[in-house]
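Please look over the model below. This report takes up strand pairing, then helix packing.

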Amino acid sequence: DYAFNILDSVDKNGIIFTNGDNDTFPLWFLQAVPKIRTDVRIVNLSLLNTPWYIKQIKRMGVPINMTDEQIDRLRPHMDPTTGKLVRVQDIMVEHIINNTPVRVEIDSATGDTNYVLDPPVFFAVTVAPENKVGYDPYLIMEGLVYRVLTTKNHPAVDIEKMRYNLLNRYKYRGLTDTTIYKDENARKLLQNYTTGFITLAYEYRRQNDTANALEVIDKMNELLPFEWRANSFSAEFNSWAGRWDKVDSLYQIALHHIKREHPMEK
């Protein structure tokens, strides 16, 4: 379900940059076996350092405007201006985004002209900031993905898309089933759900929209009752909203789960 939720966050025929194993191989499985969202082009950043993989995704339709000979000559190098190492994956992320066609859209409500990448390009939320090679100001969060925009001056969160994804679109089967073992990697991935719910709740809170903020928090607590970060943030939001009857118990639950995760720590 986690892999499905990432894939299904991507618009039709879109491209998504993923970070490593846990946000890539399950997505490939869904595409290869049950044939789910085979229209999405997955670009794994770790493999993007290798010529054979760059050639492979080029054949898959990822916008790469290089010959095979040029790809073979790609090498990491030091940036003479910053003194930082520029990896092949950094070169290719910028190349792919820069070579993605741009479509003009006219906003029917305002008449404003918008320029959007076509096909749309996304980063999985699991991609570390240093792997986004400076594109953070162009990203807008929509759940388990960030959409790449062509401009910087925009909100950090698309509230409507994020709400739809988190509350209506995503599948969360088995999260509260205690008979299903969740190893350390699985628990770490589930923290991205917490981050998504908290981010959306803070956007509502920033707008003084208490009802929607609490709806999001309550949904998070329903889905992730075992996640101490979710418990703790839920307690903080309930105190902000004046629901004091819930605060102490949520902090106690958070403390219980912290002790379970870190039994040797005081």
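This is a predicted model: local features need pLDDT of at least 70, side-chain atom pairs count only at pLDDT 80 or more; totals for chains, interfaces and linings use all residues.

Strand β9 covers residues 145–148. The link between β7 and β9 consists of three bridges. The two strands run antiparallel.

## Pairing of β7 with β1

Strand β7 also pairs with β1, which spans residues 15–18. Three bridges make this link, and here the strands run parallel. Ile-15 has Val-121 of β7 as its bridge partner.

## The two faces of β7

Is each face of β7 covered or uncovered? Both faces of this strand, residues 121–124, are covered. Val-121 and Phe-123 lie on one side, and both are buried.

## Packing of α7 and α8

Two packed helices are described by an angle and a distance between their axes. Helix α7 takes in residues 184–206, and helix α8 residues 210–223. Their packing angle is about 165°, and their axes are 8 Å apart. Angles over 145 degrees count as roughly antiparallel, and α7 and α8 are therefore roughly antiparallel to each other. The crossing of α7 past α8 is left-handed.

From α7, the contact is made by Thr-194, Phe-197, Ile-198, Leu-200, Ala-201, Tyr-204 and Arg-205. From α8 come Asn-212, Ala-213, Val-216, Ile-217, Lys-219, Met-220 and Leu-223. By class, the contact residues of α7 with α8 are ten nonpolar, two polar and two charged.

Methods
Residues are numbered from 1 along each chain as its sequence is written. Side-chain values use heavy atoms; hydrogens and water are left out. Buried means under 20% relative accessible area, exposed over 50%, partly exposed in between (1.4 Å probe, protein chains only). Helices (H or I, at least four residues) and strands (E, at least two) are DSSP runs, numbered from the N terminus. Two strands pair if DSSP finds at least two bridges between them. Axes are lines fitted to C-alpha atoms, for helices over the stretch in contact, and angles run from 0 to 180 degrees between N-to-C directions. Angles under 35 degrees count as roughly parallel, over 145 as roughly antiparallel, 65 to 115 as roughly perpendicular and the rest as oblique. A crossing is left-handed if the near helix is turned anticlockwise from the far one by less than a right angle, and right-handed if clockwise. Contact means heavy atoms within 4.5 Å. Ala, Val, Leu, Ile, Met, Phe, Trp, Tyr, Cys and Pro count as nonpolar, Asp, Glu, Lys and Arg as charged, and the others, Gly among them, as polar.
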